[in-house]
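This note sets out points for a colleague who is meeting the structure below for the first time. Please read the points with the model at hand.

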Amino acid sequence: MAITKDMSIVEIVQTYPDTVEVLMNAGMGCLGCAASHFENIEQGAMAHGIDIDSLIAALNEAIGETAAAQ
């Protein structure tokens, strides 16, 4: 299953541990913060000034999936 913009940060990290490095390298070092439990990946990326489409592509590449960002 490909990662999409509406998935929660916690859901992504718990389901795909290989994504932690991608998120950290992108500047999302707050993986354990309270916001990661209720924000989706798009909201988190926006809060950190990260291009969501590039991030989704990198996350999906890390898990071996390819999908258009939704």
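The numbered points below move from the overall make-up to individual residues.

1. Basis of the note. The model is predicted, and local features are reported at pLDDT of at least 70, side-chain atom pairs only at pLDDT 80 or more, while totals for chains, interfaces and linings use all residues. Numbering starts from 1 along each chain as its sequence is written, and side-chain values rest on heavy atoms, with hydrogens and water left out.

2. Overall make-up. The protein has five helices and zero strands, and its elements follow the order α-α-α-α-α from the N terminus. Helices here are DSSP runs of H or I with at least four residues, strands are E runs of at least two, and both are numbered from the N terminus.

3. Burial and surface. Of the 70 residues in the protein, 39% are buried. Buried means under 20% relative accessible area, exposed means over 50%, and partly exposed lies in between (1.4 Å probe, protein chains only). The protein exposes about 3900 Å², of which carbon and sulfur atoms supply 51%; accessible areas come from the Shrake-Rupley method with a 1.4 Å probe, and for residues only the protein chains shown count as cover.

4. The nonpolar core. The largest nonpolar core has 15 residues, and those with the most contacts inside it include Ile 3, Leu 23, Met 28 and Leu 59. Such a core is a set of buried Ala, Val, Leu, Ile, Met, Phe, Trp, Tyr and Cys residues joined through side-chain atoms within 4.5 Å. The elements that give two or more residues to this core are α1, α2 (19-26), α4 and α5, and α5 gives the most, with four residues.

5. Met 28. Leaving out residues up to four places away in sequence, Met 28 touches Ile 9, Leu 23, Ile 41, Gly 44, Ala 45, His 48, Ile 50 and Leu 55. Contact means heavy atoms within 4.5 Å.

6. Helix α5. Which residues of α5 are buried? They are Ile 52, Leu 55, Ile 56, Leu 59 and Asn 60. Viewed down the axis of α5, these buried residues fall within an arc of 130 degrees, so they line one face of the helix; the arc is that of the directions from the helix axis to the C-beta atoms. Their cover includes α2 and α4. Just after α5, Gly 64 takes a positive phi of about 80 degrees.

7. The salt bridge. One salt bridge is found in a search of the whole structure, and its partners are the side chains of Lys 5 and Asp 53, at 3.2 Å from N to O. Lys 5 lies in the segment before α1 (9-15) and Asp 53 in helix α5 (residues 52-62), so the pair ties together parts that are 48 residues apart in sequence. The term requires a side-chain nitrogen of Lys or Arg within 4 Å of a carboxyl oxygen of Asp or Glu. Lys 5 is buried at 13% relative accessible area, whereas Asp 53 is partly exposed at 42%.

8. Asn 40. Asn 40 is in the loop between α3 (35-38) and α4 (41-47), and is buried, with a relative accessible area of 18%. A polar atom of the Asn 40 side chain lies 3.0 Å from the backbone nitrogen of Glu 42. Apart from neighbours within four places in sequence, Asn 40 is in contact with Lys 5, Asp 6, Met 7, Ser 8 and Ile 9.

Notes:
Polar contact = N/O pair within 3.5 Å; in protein donor to acceptor, adjacent residues only side chain to side chain.
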